[in-house]
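The sequence and the model come first.

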Amino acid sequence: KDFTGTVSVPLLWDTQKDTAVSNNSLSFAEMIATQMRSMGTRNQDILLFPSRLENPMKYAERDQLVKILHSRVIPLSTKRMQQSVEGNMTG
């Protein structure tokens with residue numbers, strides 16, 4: 001009931017510009033799987049993310065799913081979490 005842990009949010013920080021680049025975990029996954037792929041030492045032949053150029057239909061499906069998540073699921077989850085926090089503060 002009483003939360004004493006740590007809350008964290010993923011954040012990509014640009015050390016050269018000293019600024020936040022992104023805090024979107026889906027963007028992180030895409031960046032790691034595409035732009036940083038050559039930095040990997042093994043399994044570089046495994047594609048973890050569809051290519052925008054090679055498979056535009058898969059990307060369109062993914063983008064539609066993200067829109068649904070951001071417009072419906074995340075707000076509902078946030079509302080429920082806020083109600084839980086408020087309930088714990090009063091009770």
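Helices (H or I, at least four residues) and strands (E, at least two) are DSSP runs, numbered from the N terminus. On that basis the protein chain reads β-β-α-α along its sequence, with two helices and two strands. The model is predicted: local features need pLDDT of at least 70, side-chain atom pairs count only at pLDDT 80 or more, and totals for chains, interfaces and linings use all residues. Residues are numbered from 1 along each chain as its sequence is written, and side-chain values use heavy atoms, without hydrogens and water.

| Element | Residues |
|---|---|
| Strand β1 | 12–14 |
| Strand β2 | 19–22 |
| Helix α1 | 25–34 |

Strands count as paired if DSSP finds at least two bridges between them; β1 and β2 are antiparallel and share three bridges. L12 has S22 in β2 as its bridge partner. Four residues lie between the strands of this hairpin, and D18 in the turn has a positive phi of about 55°.

Of the 91 residues in the protein chain, 10% are buried (under 20% relative accessible area; exposed is over 50%, partly exposed in between; 1.4 Å probe, protein chains only). The protein chain exposes about 8200 Å², of which carbon and sulfur atoms supply 56%; accessible areas come from the Shrake-Rupley method with a 1.4 Å probe, and for residues only the protein chains shown count as cover.

I32 lies in helix α1. I32 counts as exposed because its relative accessibility is 53%.
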